[in-house]
Amino acid sequence: MEVDLRSDTVTKPTKEMLDFMLQAPVGDDVFGEDPTVIQLQDFAANYFGKEAVLFCSSGTQTNQIAINVHVSPGGEVICHEESHIYKYEGGGIAKNSGASVRLLQGNRGRITKEQIEKWINPELDVHFPLTQLISIEDTANRGGGAIYDLEEIKKISAFSKSKNIPLHLDGARLMNALVETNINPKEYASQFDSISLCLSKGLGAPVGSLLIGSKEFINKAHRVRKVLGGGMRQAGIIAAGGLYALKNNVERLKIDHANAIALESELQKCTWVKEVVPVETNIVVAILNQPTKRDSIIEKLKSEGIKTIAFGEGMIRFVTHLDVDQQKIEYTIDKLRKLKIS
Ligand SMILES: *Cc1c(COP(=O)(O)O)cnc(C)c1O
């Protein structure tokens, strides 16, 4: 058996999703004429109660477009030190937008209004870069899928408004947070000026991310997407996968979360695991007793057909998703139970 727990990006489209994609009407989306792209964008705008949505090729692209719209060269972005926009987007903030970053530490990938407040640079002092964007990540990947408290988000949002600094959400795994907390998507989305949402992670679409915001913001984003080479033609074929995913694969994320908790329980019993970062959604991070054994443990699991990924020093990440069913979880638990680490 093969169980791929490296990431929720590895999912393959189901037959139902593929059939839906094949039947999708298409047109030239650069001319704004692809009916399926339009349908996906309208569906998401309505779902989140926002004015407009732009379908893009990846979550890196939606984040980078948002940053580019919000900041100007020499400006500064405030975010967590391990946030995806800073750590995993190839230096895009500097390269695409010429902006600097103010990196904050914080509990499991999350930052607070109190912290942010201290780092807003004084506008009238020419020494400082202008603070032009606050960006948070929910769920926080490096935080092991940790969810933000809505009350904290509301504080950050009210503060950002009072300072006239836009607030961006890297919501690559936003739906994991929303199904777990039962927060109303419209209430949640109203806190942000822009939101990036991945369709190609736990939702199971093969390609694509959505950028969500006001009409004015999306008009500007449209131009940036073109400049980055992200204008796509008969994009309805892939947008259909995203539409299918949003309509069918949101509630079932709860199954992934239950599976993650099952893995957490078993890992807690493993002698080679020091502790497991408390599971909140679909990401399980095991902290090892012997950090130097990390790669050999990953190899041993791989030889049993279980793929995992190194997650920094002495840590292994397991991610559940819609291609990991009950049987695969049971198989993994059985192998974890039998794994001998000297
Ligand atoms: C995966 C991910 C992204 C976007 O990644 P792409 O591979 O470019 O789609 C952005 N933010 C977070 C937190 C992610 O996990």
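Lys-113 counts as buried, at 18% relative accessibility. This residue belongs to a predicted model, in which a search of the whole structure finds 20 salt bridges. Side chains of opposite charge can pair when their charged atoms come close.

**Pair within helix α6**

- Lys-113 is joined to Glu-117 by a salt bridge, and the closest N and O atoms are 3.1 Å apart.
- The two residues, Lys-113 and Glu-117, are 4 residues apart in helix α6 (residues 113-118), which means that about one helical turn separates them.
- Glu-117 counts as partly exposed, with a relative accessibility of 38%, whereas Lys-113 falls under the 20% limit for buried residues at 18%.

**Pair within helix α7**

- A salt bridge links Lys-154 with Glu-151, where the closest N and O atoms lie 4.0 Å apart.
- Helix α7 (residues 150-163) holds both Lys-154 and Glu-151; they are 3 residues apart and so separated by about one helical turn.
- Lys-154 has a relative accessible area of 27% and is partly exposed.
- Glu-151 is likewise partly exposed, its relative accessible area being 45%.

**Pair between helices α14 and α12**

- Arg-337 and Glu-266 form a salt bridge through their side chains, with an N to O distance of 3.1 Å.
- Because Arg-337 lies in helix α14 (residues 326-338) and Glu-266 in helix α12 (residues 253-269), this pair ties together parts that are 71 residues apart in sequence.
- Arg-337 counts as exposed at 56% relative accessibility, whereas Glu-266 is buried, with a relative accessible area of 5%.

- Tyr-47 is placed in helix α2 (residues 35-48).
- With a relative accessible area of 24%, Tyr-47 is partly exposed.
- Leaving aside residues up to four places away in sequence, Tyr-47 touches Met-175, Pro-185, Lys-186 and Val-250.
- Between Tyr-47 and Arg-173 there are 126 residues of separation in sequence and 16 Å in space, taken C-alpha to C-alpha.

Notes:
Residues numbered from 1 in each chain as written. Predicted model: local features only at pLDDT ≥ 70, side-chain atom pairs only at ≥ 80, totals over all residues. Heavy atoms only, no water. Buried < 20%, exposed > 50% of the residue type's maximum accessible area, 1.4 Å probe, protein only. Contact = heavy atoms within 4.5 Å.
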